[in-house]
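Thanks for coming. I have one structure to go through today, and I will keep it short.

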Protein chains: 2
Amino acid sequence: MSGTRREIPNDPGRKERILDAALDVISECGVHSTTHRKIAARADVPLGSLTYYFDGMADLLAQAFARLSDTMSRLYRQTLLSAGSTAEAEAAVVELICGPAYATERDMTLIFEMYAYANHNAAVSVTTRTWLERSRDSLALHFTPGVSRALDALIEGWPMHRAFADAPLDRRLVTETVHAIVTAGPRLSTDRA
Amino acid sequence: MSGTRREIPNDPGRKERILDAALDVISECGVHSTTHRKIAARADVPLGSLTYYFDGMADLLAQAFARLSDTMSRLYRQTLLSAGSTAEAEAAVVELICGPAYATERDMTLIFEMYAYANHNAAVSVTTRTWLERSRDSLALHFTPGVSRALDALIEGWPMHRAFADAPLDRRLVTETVHAIVTAGPRLSTDRA
DNA sequence: CTCAAGTCTGTACGACCGTACACACTCGTC
DNA sequence: GACGAGTGTGTACGGTCGTACAGACTTGAG
């Protein structure tokens with residue numbers, strides 16, 4: 001408008017492709033052996049692109065994890081939004097814990113990596129905190145704050161065990177545990193939100 | 001006995017000091033930026049010692065995490081062994097979730113790092129699996145298998161949230177949730193162990 | 001003491017990494 | 001077509017890393 005074009009990328013969407021490639025590399029190699037070169041190769045972009053779009057490795061990882069967190073939060077919320085009753089919400093929670101849809105092996109690995117890395121990177125730390133808060137907010141659509149907190153802990157902890165156990169989760173046990181917590185709901189104190 | 005001495009180290013305990021130093025470095029810097037040199041400096045031993053005692057970085061990390069797992073398992077078991085009744089066992093579980101004794105910031109960070117690294121290292125993967133099994137076995141001293149599994153998930157997941165939340169855990173809520181699960185115990189199926 | 005056998009270490013090397021930056025390319029404007 | 005502002009890239013450099021290894025050191029036996 002003022003004479004010459006501005007800020008018009010030659011290859012739109014490139015940044016996102018790099019972030020997706022980064023998540024792929026992280027899930028396969030772990031943050032500890034993720035490098036610019038591996039990501040560039042995976043995204044099929046030149047090495048220089050990474051320093052062009054991102055301000056160093058820490059920035060790249062932070063944005064990749066932010067993207068992961070966003071994707072997961074959306075899936076999470078959608079799953080709970082689709083529940084029309086408390087009973088359906090309970091089933092949704094069970095699904096989040098047991099179902100392969102929510103926690104693929106890739107996703108679980110990435111979440112582990114994010115939690116670990118968050119302890120050493122301020123930006124990823126707030127991303128993680130935000131993701132946990134959003135989870136709780138989604139649960140709060142159907143449950144009291146106390147129940148939400150308890151279920152959230154369960155949703156975090158149980159797939160974690162599943163990730164390392166050789167046997168699949170016992171769906172009936174999960175269902176009954178969720179129900180026990182929800183049933184105890186009215187008695188669960190909600191000291192602070 | 002057969003002529004000359006054998007396998008008598010000049011500096012016994014050195015290996016363990018290196019492993020402790022490694023855990024310090026991991027908790028401070030994360031596996032992703034843990035190096036031989038940082039560990040050597042922290043342990044105040046020459047760089048060459050690390051290659052002398054350990055067969056590469058992966059081996060060093062694996063042994064460090066094995067040491068961590070062992071320490072934690074022992075504390076865990078001791079806490080539950082000291083409970084004389086189901087009520088005391090419940091209190092012990094609450095303590096494990098809320099108490100600062102079990103999950104110091106350093107320990108939580110290390111556990112996160114172990115879980116993340118386990119997905120990329122076979123030896124650490126079995127260490128992690130063993131640690132989870134030992135946790136469940138300790139719980140089984142007081143609870144049915146089903147309840148043990150549910151509580152174990154809670155013990156894993158709740159401190160995880162605590163680690164990133166700004167507010168401390170609501171002890172009353174934890175107590176009541178644990179009680180709800182234990183109370184539901186007889187009804188909790190134990191499909192497979 | 002002397003002497004091996006075994007324990008340890010200081011140094012150096014090759015590999016790989018992150019990053020900077022000079023240059024090539026693209027495309028709206030004229 | 002020519003221009004040039006802004007977009008994107010190939011390469012090369014300094015730095016750090018893991019690791020190998022020649023040799024110094026320790027120690028019990030003779």
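Predicted model: local features only at pLDDT ≥ 70, side-chain atom pairs only at ≥ 80, totals over all residues.

Start with the interface. On chain A, 50 residues are in contact with 49 residues of chain B. The two chains bury about 4,300 Å² between them, with 65% of that on carbon and sulfur atoms. In chain A, the residues that lose the most area to chain B are A:His120, A:His161 and A:Phe164, together 18% of what that side buries.

Which helix gives the most to the side of chain A that touches chain B? That is α8(A), with 12 residues. By class, that side of chain A has 23 nonpolar, 14 polar and 13 charged residues.

As for polar links across the interface, there are 10 residue pairs in polar contact. The rule finds zero salt bridges between chain A and chain B.

Now the salt bridges. Over all chains the count comes to 14. One of them joins A:Arg67 and A:Asp20, at 2.8 Å from N to O. This pair links distant parts of the chain, with A:Arg67 in helix α4 and A:Asp20 in helix α1, 47 residues apart.

Another salt bridge is A:Glu95 with A:Arg171, where the closest N and O atoms are 2.5 Å apart. Here helix α5 is linked to helix α9 of chain A, and the two residues are 76 apart. A:Glu95 is partly exposed, at 33% relative accessible area, and A:Arg171 is partly exposed at 40%.

In chain B, B:Asp70 forms a salt bridge with B:Arg74. The two are separated by about one helical turn, because they sit four residues apart in helix α4 of chain B. B:Asp70 is partly exposed at 27%, whereas B:Arg74 is exposed at 54%.

Notes: Residues numbered from 1 in each chain as written. Chains lettered and ligands numbered in written order. Heavy atoms only, no water. Contact = heavy atoms within 4.5 Å. Buried area = accessible area lost by both parts, 1.4 Å probe. Salt bridge = Lys/Arg side-chain N within 4 Å of Asp/Glu carboxyl O. Polar contact = N/O pair within 3.5 Å; in protein donor to acceptor, adjacent residues only side chain to side chain. Nonpolar A, V, L, I, M, F, W, Y, C, P; charged D, E, K, R; others polar. Buried < 20%, exposed > 50% of the residue type's maximum accessible area, 1.4 Å probe, protein only.
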